[in-house]
Amino acid sequence: NDLLLKAVDETLKHVFNEAGAKVIYTFFENKCHMKRGEIVEKPEDFSAGLEGLLGSAAPMIERMILKNMCSKLRLRFEEKEGYDFSDYVKELRGRFDR
């Protein structure tokens, strides 16, 4: 869970800088009623909120987050047909939550 949050933080700051990442987290708190720490518990809601905020750019940001997370786990990110952000998160969680 901490790894996912760290990957989200790093990716948002890399793409949008520190101030932009704060704006995104504020959007999630105010519009989606989701605190930063809830991202790991509700990846579907995070994905939907990101799409609401960023539109067609959301999947690209999600892929960047997933690649960052896989890199930290020393895994290679592989895109899978029919998978969305929450599917990848659940799969990674299943591989390492034992």
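Me: Is glutamate 91 exposed, buried or partly exposed, and what is its relative accessibility?

Reply: Keep in mind that this is a predicted model. Glutamate 91 counts as partly exposed, at 25% relative accessibility. The cut-off for buried is under 20%.

Me: OK. Which side chain does glutamate 91 meet in a salt bridge?

Reply: That would be lysine 80, with 2.8 Å from N to O.

Me: How many salt bridges does the structure hold?

Reply: Eight. One of them pairs glutamate 79 with arginine 63, at 3.9 Å from N to O. Glutamate 79 is in the loop between α3 (58-72) and α4, while arginine 63 is in helix α3; they are 16 residues apart, and the pair links distant parts of the chain.

Me: Is glutamate 79 buried or exposed?

Reply: Exposed, with a relative accessible area of 56%. The cut-off for that is over 50%. Arginine 63, at 32% relative accessibility, counts as partly exposed.

Me: Which residue does lysine 13 form a salt bridge with?

Reply: Glutamate 18, and the closest N and O atoms are 3.8 Å apart. Glutamate 18 is partly exposed at 43% relative accessibility. Lysine 13 is partly exposed too, with a relative accessible area of 37%.

Me: Switching to helix packing. At what angle do α2 and α4 cross?

Reply: Roughly 150°, with the axes of α2 (residues 43-54) and α4 (residues 85-96) coming within 8 Å.

Me: Are those two helices roughly parallel or antiparallel to each other?

Reply: Roughly antiparallel. Angles over 145 degrees count that way, so the crossing of roughly 150° qualifies.

Me: Left-handed or right-handed crossing?

Reply: Right-handed, as α2 passes α4.

Me: Which residues make the contact?

Reply: From α2 there are Pro43, Glu44, Phe46 and Ser47. The α4 side brings Phe85, Ser86, Val89 and Lys90.

Me: How do they divide into nonpolar, polar and charged?

Reply: Four of the contact residues are nonpolar, two are polar and two are charged.

Technical notes. Residues numbered from 1 in each chain as written. Predicted model: local features only at pLDDT ≥ 70, side-chain atom pairs only at ≥ 80, totals over all residues. Heavy atoms only, no water. Axes fitted to C-alpha atoms, helices over the stretch in contact; angles between N-to-C directions. Helix = DSSP H or I, 4+ residues; strand = E, 2+ residues; numbered from the N terminus. Parallel < 35°, antiparallel > 145°, perpendicular 65-115°, else oblique. Left-handed = near helix turned anticlockwise from the far one by under 90°. Contact = heavy atoms within 4.5 Å. Nonpolar A, V, L, I, M, F, W, Y, C, P; charged D, E, K, R; others polar. Salt bridge = Lys/Arg side-chain N within 4 Å of Asp/Glu carboxyl O. Buried < 20%, exposed > 50% of the residue type's maximum accessible area, 1.4 Å probe, protein only.
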